[in-house]
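I opened this notebook to record what I looked up in one structure.

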There are 2 protein chains.
Amino acid sequence: MNNYVSDAVVRRLPRYRRYLKKLKAQDIQRISSKELGEIMDVTASQIRQDLNHFGGFGQQGYGYGVAELEGKLEEIMGLDRTYNIAFVGCGKLGQAIINYLIGNEPIYKIVGLCDNRPDMIGTEIAGIKVQSKEEFRQRMRQGIDILVITAPAVIAEEVAADLSGTEIKGVWNFGHTEISAKGVKVINVHLSDSLHALCYYINHPD
Amino acid sequence: MNNYVSDAVVRRLPRYRRYLKKLKAQDIQRISSKELGEIMDVTASQIRQDLNHFGGFGQQGYGYGVAELEGKLEEIMGLDRTYNIAFVGCGKLGQAIINYLIGNEPIYKIVGLCDNRPDMIGTEIAGIKVQSKEEFRQRMRQGIDILVITAPAVIAEEVAADLSGTEIKGVWNFGHTEISAKGVKVINVHLSDSLHALCYYINHPD
């Protein structure tokens, strides 16, 4: 086992798990790193190296047990537990992501919503009341694990300034603000990156 | 110059460009691969290898010209031109992405919208009329470069079946449908992947 896990490896774990989930749904029970690599368009050696960080799992000549490896990846990422999640920004993007989580990701329990627009404050989304920034400041201190930022930069910065002293451990940031707080991991989502990669392919057809 | 460019390299190009854009905004004119690597948390050798696919650009001992390299990356990805883009699915996610493009990505010109819900058909978003699937089938044949799928699987599959014979060269797919069409590059966006990576970090604090 190798202890330093690079961000690139961490970012590949969800993808491995997605493919394994699909294989499991197709009732495939074992797969070699070579076969998995072919489906995923990565090398077998990359897969083996990545998984070696966590102990390996494959048996030489027998490949990986699909359900077992999927379960192991869920454990590694902590997808075998639940998270209290709150949203700062309940506009279209926020609501789209709330709907997405409700429909697809039951381990995330939406427990708090914040928006500073007067017509939003006090309304309910998914059974949760939208709070003003001032009210939400209190809510933030009550057992939230993950904060999702789907709000304009100004509000995002103000909320981020209140992160310390809360139990929030991660920020899923769709805003275009630099957020940093001690002990809080921030993942910035850059929606355009994949659109720009698509443009590359459009301009470089096979 | 190396001709085969892997998907991993293509996926890193937008990120390089984002960092260079930020450096340019800070009036930084030159940067070494070492310095850039430190900011981006990748190795200098990775940066040099990636850029070598496209001719290199750096001068030994002088580093990269920030504005020049940013411009070159835009050229490589084709971000120095405009694209006609159309949306299938004008719900919250579709509208959030439309707003995002209008506010941040002027090279994408929204020219068509499709949604099959009776209360959406005929309404206008960003000055464009929402068309039913039947009307949109005609619109699809009139100079659209990129199709964005922000609709449920069923509609996505029906629209995808009509892709051939159009000029559409790329699909930016937020739906969870497998879409494939000859000569059309599809980029699937998996929003949860970054959330799952965040969970990994929450469960493996430094």
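**Entry 1. The model.** I noted that this is a predicted model, in which local features need pLDDT of at least 70, side-chain atom pairs count only at pLDDT 80 or more, and totals for chains, interfaces and linings use all residues. Residues are numbered from 1 along each chain as its sequence is written, and chains are lettered from A and ligands numbered from 1 in the order in which they are written.

**Entry 2. Chain A.** I found eight helices and nine strands in chain A; helices (H or I, at least four residues) and strands (E, at least two) are DSSP runs, numbered from the N terminus. The C-alpha trace of chain A spans about 60 × 40 × 30 Å along its principal axes. Chain A has 206 residues, of which 36% count as buried. A residue is buried if 20 or more other C-beta atoms, placed from the backbone, lie within 10 Å of its own, exposed if 12 or fewer, and partly exposed in between.

**Entry 3. Helices H2 and H3 of chain A.** I recorded that H2(A) (residues 33-40) and H3(A) (residues 44-52) pack at an angle of about 110°, with their axes 8 Å apart. Axes are lines fitted to C-alpha atoms, for helices over the stretch in contact, and angles run from 0 to 180 degrees between N-to-C directions. That angle makes H2(A) roughly perpendicular to H3(A); angles under 35 degrees count as roughly parallel, over 145 as roughly antiparallel, 65 to 115 as roughly perpendicular and the rest as oblique.

**Entry 4. The contact between the chains.** How many residues does each chain give to the contact? I found 42 residues from chain B and 42 residues from chain A; two residues are in contact if their C-beta atoms, placed from the backbone, lie within 7 Å. On the side of chain B that touches chain A, H8(B) gives the most, with 13 residues. That side of chain B divides into 22 nonpolar, nine polar and eleven charged residues. Ala, Val, Leu, Ile, Met, Phe, Trp, Tyr, Cys and Pro count as nonpolar, Asp, Glu, Lys and Arg as charged, and the others, Gly among them, as polar.

**Entry 5. H1(A) against H8(B).** I saw that the axes of H1(A) (residues 7-25) and H8(B) come within 8 Å and cross at roughly 120°. That makes H1(A) oblique to H8(B). Residues of H1(A), including A:Val10 and A:Arg11, meet residues of H8(B), among them B:Ser192 and B:Tyr200. By class, this contact has five nonpolar, two polar and three charged residues.

**Entry 6. The buried face of H8(B).** I listed buried residues of H8(B), including B:Leu195, B:His196 and B:Tyr201. What covers the buried residues of H8(B) includes H1, helix H4 (66-77) and strand E3 (83-88) of chain A.

**Entry 7. The nonpolar core.** Which residues have the most contacts inside the largest nonpolar core? They are A:Leu147 and B:Leu147, in a core of 110 residues. A nonpolar core is a set of buried Ala, Val, Leu, Ile, Met, Phe, Trp, Tyr and Cys residues joined through C-beta atoms within 7 Å. Not counting residues up to four places away in sequence, A:Leu147 touches A:Ala86, A:Val88, A:Ile168 and A:Val171.
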